[in-house]
Amino acid sequence: MMKFRLGSTSWVYPVDILSNVQRMVGLVEDVELVLFETEDASNLPDRETVAALERTAARHGISYTVHLPTDLQLGAEGDRWALSVEKALRVIRITRPLSPWAYIVHLTPEGAENLAGWQERCLTAVKTLAQEAGGIEVIAVENLENCPLEKLVPILDRAPVSLCLDVGHLWLAGQDPIPPLQAHTHRLRVVHLHGVNQHDHESLSWVPADSLRAVLRELVRQEYLGVVTLEVFSPEDFLSSRGRVVSLLEEERWEPR
């Protein structure tokens, strides 16, 4: 039986976050709130929106994951580190009323000449965020194209943070996702699924059926209880990806929740 929660992003339709969540009712059990804040623009929800998101979740049994801004530099030095930590804390404070299943964070090593120093600053940052988030296990570090798992493992081994395993990024790098899924079962909290074609984060229709089936089979075998997010950003890509997952589950005679 499938025990994980199937999710979408909050950017499937070209409308605001709340409208996206409302459109996902009945289609998913979790929505990843993809948030950003720059000098020129921000989509951070105000109190009224957070309250409406709370009501929607309570009414329809939806949970939330929060993707912290992707421009954070939590391994940087000096002011850049402090500003990034403060931005992340601000997002966490705003969204804490939603009791997110996870706060997903990117740790990007660009410009880090000393890998050990970068890992130490990242470690300090995630511990700081955990104090505001309500527990270090709620912080889920994501593997990236420029930050593969081998750079993250020393951080994961020194603090009980969780892992957001982006299977699409592994496929993009030509890697088999099954060994990482098995090796990191104990810290796996979120899984990102998306296809790769001319760009990343495309429909799962581009993924060979055997590759996607192997991932789903492994998650079912583990009795994985976390979130599986279809991390795509258009109605066409979401609906085709969801249809692909549901179809494969039905073929295998797994019972969806």
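Ser 99 sits in the loop between helix H3 (78–95) and strand S4. Helices here are DSSP runs of H or I with at least four residues, strands are runs of E with at least two, and both are numbered from the N terminus. Ser 99 has a positive phi of about 50 degrees, although it is not a glycine. It counts as exposed, because its relative accessibility is 59%. The cut-offs: buried is under 20% relative accessible area, exposed is over 50%, partly exposed is in between, with a 1.4 Å probe and protein chains only.

A word on the source. This is a predicted model, where local features need pLDDT of at least 70 and side-chain atom pairs count only at pLDDT 80 or more, while totals for chains, interfaces and linings use all residues. Residues are numbered from 1 along each chain as its sequence is written, and side-chain values use heavy atoms, with hydrogens and water left out.

Another positive phi is at Glu 223, near 55 degrees, and this residue is not a glycine either. Glu 223 lies in the loop between helix H8 (209–222) and strand S8 (227–230). With a relative accessible area of 47%, Glu 223 is partly exposed.

Now the barrel. 8 strands close it, in the order S1-S2-S3-S4-S5-S6-S7-S8, and the pairing is parallel. From one strand to the next, the twist averages 25 degrees. Two strands pair if DSSP finds at least two bridges between them. In general, strands of a sheet pair through backbone hydrogen bonds, either parallel or antiparallel.

Take two pairs. Strand S2 (residues 30–34) joins S3 in the parallel sense over 5 bridges. Asp 30 has Ser 63 in S3 as its bridge partner. Strand S4 (residues 102–106) pairs with S5, again in the parallel sense, over 4 bridges. There, Tyr 103 stands opposite Ile 139 in S5.

How many residues of strand S3 are buried? 5 of the 5 residues in S3 (residues 63–67) are, so the strand is largely enclosed by the rest of the structure. Both faces are covered: Ser 63, Thr 65 and His 67 are buried on one side, Tyr 64 and Val 66 on the other.

On to helix H5 (residues 149–158). Its buried residues include Leu 149, Leu 152, Ile 155 and Leu 156. These four cover an arc of only 120 degrees around the axis, which puts them on the same side of H5. That arc is taken from the directions from the helix axis to the C-beta atoms. On the other side of H5, Glu 150 and Asp 157 are exposed. The buried residues of H5 pack against helix H4 (115–133), strand S5 (139–142), strand S6 (162–166) and helix H7 (178–183). Contact means heavy atoms within 4.5 Å.

Next, a helix pair. The axes of H1 (residues 17–24) and H2 (residues 47–60) come within 10 Å and cross at roughly 5 degrees. That makes H1 roughly parallel to H2. Roughly parallel is under 35 degrees, roughly antiparallel over 145, roughly perpendicular 65 to 115, and the rest oblique. Axes are lines fitted to C-alpha atoms, for helices over the stretch in contact, and angles run from 0 to 180 degrees between N-to-C directions. Ile 17, Leu 18, Val 21 and Gln 22 in H1 meet Thr 49, Ala 52, Leu 53 and Thr 56 in H2.

Last stop: Glu 250, in helix H9 (residues 235–251). Glu 250 counts as exposed, at 56% relative accessibility.
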